[in-house]
Amino acid sequence: MNRILIIEDEQAIAELEKDYLEMNGFDIDVCNDGLSGEEAALSGDYDLIILDLMLPEIDGYEVCRKIREEKDLPIIMVSAKKEDIDKIKGLGMGADDYMTKPFSPSELVARVKAHMTRYSRLVNAKKASNNDVLEIKDLRIDKTARRVFVGGVEKQFTTKEFDLLVFLAEHPDEVFRKQDLFREIWGMESVGDITTVTVHIKKIREKMEDDPSTPRYIETIWGVGYRFKVS
Ligand code: CA
């Protein structure tokens, strides 16, 4: 997570940004006009883009729009004119951050780092939820095949029991209220109430826990709801 594309037609500014970011461990490519910048952004494997607004060929506004059609990486938009920044913010053009030139290089580095951190968390969370197999302690959940193994032994789960278990296991250490779990698994329009959740949790525990009264996996938070314990 350290590749940055700078799209900036003022060489001196581009060089300054490049130097500071390289000193901070980033890999930098520079494009000096909107057209080559757009091509590089779409074909390259960048983690963040610093995009000037006023550019030859295609302006930053258009470049931002094109990138956003295909990629969700962070874009920091820069402009010499504060009015332009205010205007593009108002248009909601999909940049993640805006900076008015001149800015201090350390301010740029700080913002780049903040956006990188947020973006890498997002990417990792996405990877985790795409993962088809969840393994926690002695539990193994195969999401694609919808099979659950406890200590290597397969246990039979109903559809809703399975969905509830997966939802909780994918949100470790988060506390959910019963009504939120009900809405999440059964849907708003479902007939039923939160005791349905209690009943399902009880059944899940009977299948997973050696001693359901002191659960290792799904913990009861009294007066609130449930939490999937990972530690
Ligand atoms: Ca410019």
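The donor residues of the calcium ion follow the sequence spacing D-x42-D-x1-M. This is a predicted model, in which local features need pLDDT of at least 70 and side-chain atom pairs count only at pLDDT 80 or more, while totals for chains, interfaces and linings use all residues. Residues are numbered from 1 along each chain as its sequence is written, and side-chain values use heavy atoms, without hydrogens and water.

**Calcium site**

- Asp9 (OD), Asp52 (OD) and Met54 (O) coordinate the calcium ion at 2.0 to 2.3 Å (donors are N, O and S atoms within 2.8 Å of the metal, or 3.2 Å for Na, K and Ca; water is not among the atoms, so sites may look incomplete).
- Asp9 sits in the loop between strand S1 (3-7) and helix H1 (11-23) and Asp52 in strand S3 (residues 48-52), so the pair ties together parts 43 residues apart in sequence (helices are DSSP runs of H or I with at least four residues, strands runs of E with at least two, numbered from the N terminus).
- Asp52 is buried, at 2% relative accessible area, whereas Asp9 is partly exposed, at 29% (buried is under 20%, exposed over 50%, partly exposed in between, with a 1.4 Å probe and protein chains only).

**Helix pair H2 and H3**

- The axes of H2 (residues 34-43) and H3 (residues 60-70) come within 10 Å and cross at roughly 15° (axes are lines fitted to C-alpha atoms over the stretch in contact, and angles run from 0 to 180 degrees between N-to-C directions).
- That angle makes H2 roughly parallel to H3 (under 35 degrees).
- Gly34, Glu38, Ala41 and Leu42 of H2 meet Val63, Lys66, Ile67 and Glu70 of H3 (contact means heavy atoms within 4.5 Å).

Terms used: Angles under 35 degrees count as roughly parallel, over 145 as roughly antiparallel, 65 to 115 as roughly perpendicular and the rest as oblique.
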